[in-house]
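Hi everyone, thanks for coming. Have a look at the sequence and the structure on the screen, and then I'll walk you through the fold.

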Amino acid sequence: RHDPFPVGAPYRGIYAHGVETRAGARTLYVSGQVGETPEGHLPADFRGQCEQALLNVAAVLGAANMTLKDIVKMSFYLVRREDMDTLIEVRKEVLDGVRPAITTLFVAGLVSPNWLVEIEAVACAE
């Protein structure tokens, strides 16, 4: 992790300005995951969708014998600005101790009008 200057509050501890990987590490690119369960249930609220989207990211990582701790880069796509504080809370809860490089974008919409968040990830492991 590289932080040439301090990560500002409230983001301290949940992301790094830069993340370096080792040569020869396996790299996994996780497509955008949304808050829908494998059974097709979509929570109505942002928190539920965000938590489920992160569980879906974890499931893809698990299929590659990786964990959330292997994530080096994440991108979050939100359709509502008012969900930012909840995103920070959920990231602190679910990604405790994981400090990937992070980009958060507010977008006009996602593929389904019911989706409130989509999450991409890049992971590297030995």
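**A walk through the predicted fold**

Let's begin with confidence: the protein chain has an average pLDDT of 91, and 90% of the residues reach at least 70. pLDDT, as a reminder, is the predictor's confidence in each residue, from 0 to 100. This is a predicted model, so local features need pLDDT of at least 70 and side-chain atom pairs count only at pLDDT 80 or more, while totals for chains, interfaces and linings use all residues. Residues are numbered from 1 along each chain as its sequence is written, and side-chain values use heavy atoms, with hydrogens and water left out. Confidence is highest in α1, at 97, and lowest in α2, at a mean of 94. Helices (H or I, at least four residues) and strands (E, at least two) are DSSP runs, numbered from the N terminus.

Now the sheet. Which order do the strands take? They run β1-β4-β2-β3, four strands in an open sheet with mixed pairing. I call two strands paired if DSSP finds at least two bridges between them. β1 and β3 (101-106) stand at the edges with a single partner strand each, so one side of each is left without a neighbour in the sheet. From one strand to the next, the twist averages 10°. If you follow β2 and β3, you'll see them pair in the parallel sense over six bridges; Leu 78, for one, has Phe 106 in β3 as its bridge partner.

On to the helices. α1 lies across β1, β2 and β4, and runs at about 150° to β1. α2 also packs on the sheet, where it touches β2 and β3, and its direction makes about 155° with that of β3. Those angles run from 0 to 180 degrees between N-to-C directions, with axes as lines fitted to C-alpha atoms, for helices over the stretch in contact. Contact here means heavy atoms within 4.5 Å.

What about the inside? The largest nonpolar core has 28 residues, and Leu 61, Ile 71, Met 74, Phe 76 and Ile 119 touch the most other members. By nonpolar core I mean a set of buried Ala, Val, Leu, Ile, Met, Phe, Trp, Tyr and Cys residues joined through side-chain atoms within 4.5 Å. β1 (26-34), α1 (46-63), β2 (71-78), α2 (84-94) and β4 (117-125) each supply at least two of its residues, and α1 gives the largest share, six residues. Zoom in on Phe 76: beyond its neighbours within four places in sequence, its contacts include Leu 54, Leu 87, Ile 102 and Ile 119.

Last, the charges. How many salt bridges does the structure hold? There are six, each a side-chain nitrogen of Lys or Arg within 4 Å of a carboxyl oxygen of Asp or Glu. Arg 80 takes part with Asp 83, where the closest N and O atoms are 2.9 Å apart, and with Glu 82, at 3.6 Å from N to O. Asp 83 is buried at 5% relative accessibility, Arg 80 is partly exposed at 30%, and Glu 82 is exposed at 58%. The cut-offs are under 20% relative accessible area for buried, over 50% for exposed and partly exposed in between (1.4 Å probe, protein chains only). Within it, Arg 47 and Glu 51 come to 3.5 Å between their closest N and O atoms; both lie in α1, four residues apart, about one turn of the helix.

Thanks, everyone!
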